[in-house]
Structure formats: C-alpha cells, structure tokens
Amino acid sequence: MEMPSFAVADGSGSSSTFRGGVRVAVVRAIANIYRCNGLVGSVCDVDVRVGHRLRRASLYMRALEFKCLKKALEDYEGVSMALCDGDLYLTIHPVLVRFTAQEVEAYVEI
C-alpha cells in the first residue's frame, strides 16, 4: 500500500488602521504537502485588503488557507487528507513519526 499524502495549511496576518478609519489587512497562507514522511511541495499565497472600517481580517486569512488547500488538492495527486489549521498537525509531525500502513489507514479513516 502506498503511503497517502496529506496537505496542511496555516496562515497569519497583520493589519494597520489609518486616520479616518481606513484599514489595511495583509494575510498570508501556506499549504505544505507531505508524502512518505517528507515534504513534497508547498502552495503559498498573499492577500491584501483595504477598506473603510475593515473588520475581521482573520476571516480573509482563513479563506486564503482554504484557497491554498484547494490548490494543493488540485495540483498534487494522492492527497487524501487536508488539515486547515497548522496547529493540529504539529502534534503528529511526519518527520518524527514513521507510520505503518495499518496506522496510516486508521488515521485516514478518522
């Protein structure tokens, strides 16, 4: 059984507010694709939003994370799992853990 691939997205952002309520939000995201305990690729993107009293810049970051995951799923064959929050995958990083085929099968079914 071939080891499946998985994609993990994470993002961050920053914003500044100027006089008169104009706000600029810069968000960035990356989706890393892993196969057989190694990084095989990445998809990254940046988005800049400017608006009067612009709110909830974190929503733009989450949308960009999903956009990167979607592109990773389209561009990399065999990706069987996608995690949107990078905080989740750090508990079971592929470099630290060597999965057996049975463990991979169980993990993918979750």
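**Notes on the fold**

1. Gly20 sits in the loop between strand 1 and strand 2. This is a predicted model, and that applies to every point below. Gly20 counts as exposed because its relative accessible area is 56%, where exposed means over 50%. In the hairpin of strand 1 and strand 2, four residues lie between the strands, and Gly20 has a positive phi near 85°. Along the chain, Gly20 and Arg53 are 33 residues apart, yet their C-alpha atoms are separated by 8.6 Å.

2. Thr17 belongs to strand 1. Thr17 is classed as exposed because its relative accessibility is 55%. Apart from neighbours within four places in sequence, Thr17 contacts Val22 and Arg23. The C-alpha atoms of Thr17 and Val50 are 9.7 Å apart, for a sequence separation of 33 residues.

3. For the overall layout, the protein has three helices and four strands. Their order along the sequence is β-β-β-α-β-α-α. Of the 110 residues in the protein, 33% are buried. Among contacts with a separation of 6 or more, 60% are between residues 24 or more positions apart.

4. In what order do the four strands lie in the open sheet? The order is 3-2-1-4, and the pairing is mixed. Strand 3 and strand 4 are the edge strands, each pairing on one side only. On average, neighbouring strands of the sheet are turned by 20° against each other, with direction ignored.

5. With strand 2, strand 1 pairs in the antiparallel sense over 13 bridges, and Ser14 stands opposite Val26 of strand 2. With strand 4, strand 1 pairs in the parallel sense over four bridges, and Ala7 has Ala82 of strand 4 as its bridge partner.

6. Helix 1 covers residues 57–75, which is 19 residues. From first C-alpha to last, helix 1 reaches 27 Å, close to the 27 Å expected at 1.5 Å a residue. Helix 1 packs on the sheet and touches strand 1, strand 2, strand 3 and strand 4. The direction of helix 1 makes about 30° with that of strand 2.

7. Which residues of helix 1 are buried? They are Ala57, Met61, Leu64, Glu65, Cys68, Leu69 and Ala72. These residues lie on the same side of helix 1 because they cover an arc of only 140° around the axis. The cover over them includes strand 1 (5–17), strand 2 (22–35), strand 3 (38–52) and strand 4 (79–83). On the face turned away from this buried side, helix 1 carries the exposed residues Lys67, Lys70 and Glu74.

8. Glu65 lies in helix 1, and it counts as buried because its relative accessibility is 2%, where the cut-off for buried is under 20%. Leaving aside neighbours within four places in sequence, the contacts of Glu65 are Ala9, Asp10, Gly11, Ala29 and Cys84.

9. The largest nonpolar core contains 14 residues. Those with the most contacts inside this core are Ala7, Ala31, Ile33, Val43, Cys68, Leu69 and Ala72. Strand 1, strand 2 and helix 1 are the elements that give two or more residues to the core. Helix 1 gives the most, with five residues.

10. Ala72 can be followed through its contacts. Beyond its neighbours within four places in sequence, Ala72 is in contact with Ala7, Ala31, Ile33, Val43 and Val79. There is also a second, separate core of five residues, which includes Phe6, Tyr34, Met81 and Leu83.

Notes. Residues are numbered from 1 along each chain as its sequence is written. This is a predicted model: local features need pLDDT of at least 70, side-chain atom pairs count only at pLDDT 80 or more; totals for chains, interfaces and linings use all residues. Side-chain values use heavy atoms; hydrogens and water are left out. The expected span of a helix is 1.5 Å times one less than its number of residues. Buried means under 20% relative accessible area, exposed over 50%, partly exposed in between (1.4 Å probe, protein chains only). The arc is that of the directions from the helix axis to the C-beta atoms. Contact means heavy atoms within 4.5 Å. A nonpolar core is a set of buried Ala, Val, Leu, Ile, Met, Phe, Trp, Tyr and Cys residues joined through side-chain atoms within 4.5 Å. Two strands pair if DSSP finds at least two bridges between them. Axes are lines fitted to C-alpha atoms, for helices over the stretch in contact, and angles run from 0 to 180 degrees between N-to-C directions.
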